[in-house]
Number of protein chains: 2
Amino acid sequence: MIEKRTPIPVTEAIKKVMAYAKEGEIETVQLEEAYGRYLAEPLCADHDVPPFDRSPYDGFAIRAVDSASASLTHPVEFEVIEAIGAGDVAKQVVQPFQAVRIMTGAQIPSGCDAVVMLELTNEYERNGKKYMSIKRSFKPGDNISFQGEDARKGDVLVPKGTFINPGVQALLATFGYAEVKVAKKPRIGIFATGSELLEVSEPLVPGKIRNSNSYMISAQVIRSGAIPVYFGTLADDVDECLAAIEQVLDDVDILITTGGVSVGDYDYLPTIYERLGAEVLFNKVAMRPGSVTTVAHVNGKLLFGLSGNPSACYVGYELFVRPVVRTRLFSPKPYLRKKTATLLADFPKPNPFTRFVRSYVTVQDGRLYVFPVGMDKSNIVTSLAKANALMVLPGGTRGFAKGDTVNVWLLEDEEGSAV
Amino acid sequence: MIEKRTPIPVTEAIKKVMAYAKEGEIETVQLEEAYGRYLAEPLCADHDVPPFDRSPYDGFAIRAVDSASASLTHPVEFEVIEAIGAGDVAKQVVQPFQAVRIMTGAQIPSGCDAVVMLELTNEYERNGKKYMSIKRSFKPGDNISFQGEDARKGDVLVPKGTFINPGVQALLATFGYAEVKVAKKPRIGIFATGSELLEVSEPLVPGKIRNSNSYMISAQVIRSGAIPVYFGTLADDVDECLAAIEQVLDDVDILITTGGVSVGDYDYLPTIYERLGAEVLFNKVAMRPGSVTTVAHVNGKLLFGLSGNPSACYVGYELFVRPVVRTRLFSPKPYLRKKTATLLADFPKPNPFTRFVRSYVTVQDGRLYVFPVGMDKSNIVTSLAKANALMVLPGGTRGFAKGDTVNVWLLEDEEGSAV
């Protein structure tokens, strides 16, 4: 029996899925494990930065007023009463025409209000005492990094949901986050279906292909910030499938099946959804590739039935699963980053439905350009390796020509988009 | 005693370092561990793709010639002699006006040369036999994915040194790479120096700051594709330092120290390099921040003495260490990706030396724009969290104005640049 299916627009399909997206759990990790995770709480300054007035250079801390008369012909002499390294604090209060030898990062001694760089001084000794002289004047505040000039105690420096890059990692260390609250990575179960699938290590035999989708999806899962849990290939038997799915459902946050969703005699996912008691949100989307994508939920847990076709499977993950994952990771920008680019090649094919073309975005002279990678047939796998974007051509349009402006969704991008 | 140092241009410094960059080792990993690694050998097709002529749709395989007379008013009838799923092979050779029910991905049966999509057929039974009829004609080759149309056996599909993204992962699976030869991740040792440094978990005390550089650098090491090995903080004692460095040198591929490289009394790295028998490639670069970056080598092993200042340290890693790491990972594009962008804000400061400004590159209407994040003082750490690029302003230039075109080097980018 052939099921009747009504395709819904892509934007509506995404909206239906995202109605079930929710923020995930929080876990605490050691700072050295935090890179690449997502902040589960805002990063706040626990102190002023710098925490005290400090020297950005190696040199001498002085009272600026003492340097007022210094000139090339009339150098001013200072007695060097102490030397402090970074981490030291001067013991004495500096008096008129005294100076403290100061290293980069050290606290400005009491009484001083300027730093003279080492290169601008002349050092010498006389009667067992150290001196230095300078040939120009300085203003109060010269060469001083002032307390709090970078950040004030309590400032929110990085919002919740931010990807922890090396700079964020530095801030976490600076503000004493020896442990960091991060979003717990969701666990995403993966089943492949299809009796035509061989394991990767098996030799090819007539009529069969190797199972590439589960490896591809696993990588997409990791890229999106989650943990793939591959459960193997489902047999072509409804009862066995149902038992296998029911067994793992409690162990994962999201379940993906690839294949078994076309309108065909051998596709049994609709039966399985029904027997699971799952509500099907949609089973056809007005898009190419991936029109047979099915999404359902059981008690709020999302089940994604992605196409067995590699390109459709890839697009289905990025469109429907990724934003759910990023929402669990507290990201305020869960969607692929959306930009426009100039088309570098004709794309004459008409688009009865919204078309997602595996493409490569490049930048020349400060402008974005895009071209499709490989032929746009949904069974072509090689194009996925080169794609760094999906070119999005709206349904109901005829072909596009070189030079046209088109929409592109970026694949290799941490930043994302709020809509 | 103050050491005399002669600054060299940035490009010359990079060239001196890269003279010691070399390809790294190879290791074999399971396919499921390959995502995010770098290919150590080209990925080749071990078979044609598709491996046989196959159906991209659910429908019926026919002999196109039989459909020649089909029209809306005169449908042509076919006897359905068999049904095959993906992975099955038809048992019979199709005769005139016979058809085989075929599922997506299945091999085209002998004798057939076209596929009719299910939606275009009318199915019925008569006298216990199955039939279907169609109302239009098809040409030979219609709706067939031909053997080898995507790739031919032996084709190099992805070159050595490529980052393994989800699409490359799919190709590896498709072509039977159950194990993958990837670049072994180099081990990068990290020492922090400076008696002003507190551990992250310690409360702040006057004159001290928390050690953020080693965490930041560790994250940069991971981002660049290597393994950070943090050895802790070096004491302010030359003999102890030397012993500590000598002890770990055999265990790492590259050694980084942060801090201890300024021209100052407490900076002892020059002494250590000398006692190690290391050749110093340069100890001053005509750049801001990071002018005091020192690079040396012992028997070809590179030692990077990065500034203790967070921004200088960050820039030093990306400019000098990253391309060495990427070369070890076989990348033909080891450098940061270089583009131009339109400046969104005035940058009035003159640039006596090449200046690297932590910046944010954004895309609007298909064009790249850039603005500096935070004030450009090298001791400001917060700007690093927001930066996704370094704006590169050549030495000897005056300020730049909003609207000017400037060079940007992208930080969060896998692709890189060959020069």
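Which residue of β15(A) is the bridge partner of Phe191(A)? In β15(A), that partner is Thr257(A). The points below place this pair and other features in the structure.

1. Basis of the note. This is a predicted model, in which local features need pLDDT of at least 70 and side-chain atom pairs count only at pLDDT 80 or more, while totals for chains, interfaces and linings use all residues. Residues are numbered from 1 along each chain as its sequence is written, chains are lettered from A and ligands numbered from 1 in the order in which they are written, and side-chain values use heavy atoms, with hydrogens and water left out.

2. Strand β11 of chain A. Helices (H or I, at least four residues) and strands (E, at least two) are DSSP runs numbered from the N terminus, and two strands pair if DSSP finds at least two bridges between them. Strand β11(A), residues 187-193, runs parallel to β14(A), residues 227-234, and six bridges join the two; Ile188(A) stands opposite Pro228(A) there. With β15(A), residues 254-258, β11(A) pairs in the parallel sense over five bridges. Six of the seven residues of β11(A) are buried, so the strand is largely enclosed by the rest of the structure. Buried means under 20% relative accessible area, exposed over 50%, and partly exposed in between (1.4 Å probe, protein chains only).

3. The interface of chains A and B. Here 91 residues of chain A are in contact with 91 residues of chain B, contact meaning heavy atoms within 4.5 Å. The two chains bury about 7100 Å² between them, 57% of it on carbon and sulfur atoms; this is the accessible area (1.4 Å probe) that two parts lose on being put together, summed over both. The rule finds two salt bridges across the interface, each a side-chain nitrogen of Lys or Arg within 4 Å of a carboxyl oxygen of Asp or Glu. Arg210(B) and Asp46(A) meet in a salt bridge at 3.1 Å, N to O.

4. His47 of chain A. This residue lies in the loop between β2 (43-44) and β3 (59-62) of chain A. His47(A) is buried, with a relative accessible area of 9%. Leaving aside residues up to four places away in sequence, His47(A) touches residues of both chains, among them Phe175(A), Leu204(B) and Arg210(B). The side chain of His47(A) also reaches the backbone oxygen of Thr174(A) at 3.1 Å.

5. Salt bridges within chain B. Over all chains the structure holds 36 salt bridges. Glu23(B) and Lys160(B) form one of them, with the closest N and O atoms 3.5 Å apart. Glu23(B) lies in the loop between α1 (10-18) and β1 (26-30) of chain B and Lys160(B) in the loop between β9 (156-158) and α2 (166-174) of chain B, so the pair ties together parts 137 residues apart in sequence. Another salt bridge joins Glu414(B) and Arg326(B) at 3.5 Å, N to O. Glu414(B) is in the segment after β24 (405-410) of chain B and Arg326(B) in helix α6 (residues 310-328) of chain B, 88 residues apart. Glu414(B) counts as partly exposed at 28% relative accessibility, whereas Arg326(B) is buried at 2%.

6. A network in chain A. Salt bridges link Arg223(A), Glu318(A), Arg322(A) and Glu412(A) in a network.

Methods:
A polar contact is a pair of N or O atoms within 3.5 Å; within protein, one must be able to donate a hydrogen and the other to accept it, and residues adjacent in sequence count only if both atoms are side-chain atoms.
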